[in-house]
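Hi there,

Here is the structure I promised to pass on. Please have a look, and then read my notes below it.

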Amino acid sequence: KIEIFEANHKDEFGKYFFRKAVSFALLKDFDNSYEFFKEGLDFLTCDCVSGGWRNEFKNSPEEIFVDLQNATAKKHAYYFVKAILLSYEEDNKNLYAALDSIDNYLKIFEDEYGLYVKGKIHLALKENKEALDLFKRASKLNISTRIQYRIGRTKEELTSEYGIDLLYTAFMSNNSSACCLRTLQKNHRKYKLEFEIQDQE
């Protein structure tokens, strides 16, 4: 972990925190899971499932999100963990369950983490305008590389807006994100842009 951190591999470090968050969630320790998810989000530019951080949850035979069985957990932590883990599902039933859960979280804390996760859920539901609006609201609370990347990518790939400037800024702030680099490269070619940089850069 120290080598990863010292090498400035922020995305790898973020996925490490996500794996820890999943482990705590499977133990129904939602308070610690919530803190590790937030820590991971602070490091990550792209929070996709690459690296297999979600495999333990996906392969678990136990249903951990039975609301009545988790009544003693801190509500905000439970709602957030449920929302973020279900936001990666492909079926609408789970996505709407995630949306309901993050709405409950946002009634308690309207922070950039909750707005970002809600935006990701709307993206999965193909509601691109709503997603972009939520990412922009989140950016007013904290303009992280993750939010820059997500706004830039959503603009470039799903709307007619220009977003490569945000992709470039996100990559320059965290060049360990392969996803950000791929998206930047694809759109760089689309616009046939040339950057004025020195050889050593």
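This is a predicted model: local features need pLDDT of at least 70, side-chain atom pairs count only at pLDDT 80 or more; totals for chains, interfaces and linings use all residues.

Residues are numbered from 1 along each chain as its sequence is written, and side-chain values use heavy atoms, with hydrogens and water left out.

The pocket comes first. On a 1 Å grid over the protein atoms alone, a pocket is an open set of points where a 1.4 Å probe fits, with protein on both sides within 12 Å along at least five of seven lines; lining residues have an atom within 4 Å of a point. The largest pocket has a volume of about 590 Å³, counted as the space filled by probe spheres set on the points, which are joined across faces, edges and corners. Its lining has 22 residues, with S87, Y88, K120, A124 and R150 nearest the centre. By class, 10 of the lining residues are charged, eight nonpolar and four polar (charged are Asp, Glu, Lys and Arg; nonpolar are Ala, Val, Leu, Ile, Met, Phe, Trp, Tyr, Cys and Pro; the others, Gly among them, are polar). Helices α4 (55-58), α7 (112-124) and α9 (145-158) each give at least two lining residues, and α9 has the largest share, with five (helices are DSSP runs of H or I, at least four residues, numbered from the N terminus).

E156, in helix α9, is buried at 8% relative accessible area (buried means under 20%, with a 1.4 Å probe and protein chains only).

Finally, the rings. There are 21 aromatic pairs (rings of Phe, Tyr and Trp, its six-membered ring, with centres within 6.5 Å; planes over 60 degrees apart count as edge-to-face). F18 and F37 form an edge-to-face pair, 5.1 Å centre to centre with 75° between the planes. The pair links helix α2 to helix α3, 19 residues apart, and both F18 and F37 are buried.

Best wishes

Notes: Buried means under 20% relative accessible area, exposed over 50%, partly exposed in between (1.4 Å probe, protein chains only). Rings of Phe, Tyr and Trp (its six-membered ring) pair if their centres lie within 6.5 Å; planes under 30 degrees apart count as stacked, over 60 as edge-to-face and the rest as tilted.
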